[in-house]
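Please keep the sequence and the structure in view while reading.

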Amino acid sequence: MQVFQIPDLEDNYIHVLRTKGKTAVVDPSTAPPVNQFLQERNWSLDVILNTHHHHDHVGGNAELKSKWQSPVLGFSKDAYRIPKIDQKLEDQQDWTWEDQVCQVLFIPGHTLGHIALWFKTSSILFSGDTLFSMGCGRLFEGTAKQMFESLNKLSQLPPETQVYCGHEYSEANAEFALLIDGNNQDLIHRMKNVREKRKQEKSTVPFSLEEELKTNPFLRTKYFIKNPESITHRELKSWMEDNFVSELELFAQIRLMKDQF
Ligand code: ZN
Ligand code: FE
């Protein structure tokens, strides 16, 4: 399966999937750039997939569906707010599309009906606004506990998994990550890479889960608890030492700090 990336709006990524002469789109924020992309290649659109109901992920559903008669697929529990939904996906369901098997993973936190699409056949994950490179989505509807558990679920996928997220947030995420994990050589190295790519206006998506495990502060709470001396954010470090916090409490605190960053 091939994956193509279309930047849209301020910092959104729409992804177009192509296999066996069929085409799918993941999270079309708007329709025109998708239509242009398809027409340039003489392709039609067979499926529309959504990770969650936010407008910058479903905004193109109606227009694309009426032009291509392509069904809209989204999470069953969010069906009431996914525009033009046709097929309701369930948690853990294996959805088969041509030569691909895609497992649906329910990962609440950013919203209460957020899913990830894990194309097992190709080791590709569409993480929407839940797992970002070196960051995670804001808690618009869910709790820190939900997001923590959702990220744990994703971090157990094979490390070679290529992650495609919904936004280009890497540089700001890395800046924040360096505040608390400033001695992490993998993170320092990754920030260098990200800066170089962004200077040339290149995308930093996809990235591997393996890189995330080494550099994403939201996936490193276990490490921070075991190695509090590694934390470079002074207030966070002393807060931890004074309170003997749990992994989840630390996660919630980092999420809060990120909101204020
Ligand atoms: Zn969102
Ligand atoms: Fe979004």
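The model is a predicted one. Because 5 of the 5 residues of S9 (residues 115–119) are buried, the strand is largely enclosed by the rest of the structure.

S9 pairs with two strands. Strand S8 (residues 100–106) runs antiparallel to S9 and is joined to it by 5 bridges, and within this pairing Cys-102 has Phe-119 as its bridge partner. Strand S10 (residues 124–128) is also antiparallel to S9, over 3 bridges, with Trp-118 standing opposite Leu-125. S9 and S10 form a hairpin with 4 residues between them, and in the turn Ser-123 has a positive phi of about 55°.

| Largest pocket | about 290 Å³ | 16 residues, the closest to its centre being Phe-132, Cys-136, Arg-138, Tyr-169 and Lys-258 |

The elements that give two or more residues to the lining of the largest pocket are helix H5 (170–180) and helix H10 (247–259), and its lining residues divide into 6 nonpolar, 5 polar and 5 charged. For the second largest pocket, helix H6 (185–199) and helix H7 (209–215) each supply at least two lining residues, the largest share, 6 residues, coming from H6. The lining of the second largest pocket divides into 4 nonpolar, 5 polar and 5 charged residues.

Terms used. Residues numbered from 1 in each chain as written. Chains lettered and ligands numbered in written order. Predicted model: local features only at pLDDT ≥ 70, side-chain atom pairs only at ≥ 80, totals over all residues. Heavy atoms only, no water. Buried < 20%, exposed > 50% of the residue type's maximum accessible area, 1.4 Å probe, protein only. Pairing = 2+ DSSP bridges. 1 Å grid on protein atoms, 1.4 Å probe; cavity = no way out; pocket = protein on both sides within 12 Å on 5 of 7 lines; lining within 4 Å. Points joined across faces, edges and corners; volume = space filled by probe spheres on them. Nonpolar A, V, L, I, M, F, W, Y, C, P; charged D, E, K, R; others polar.
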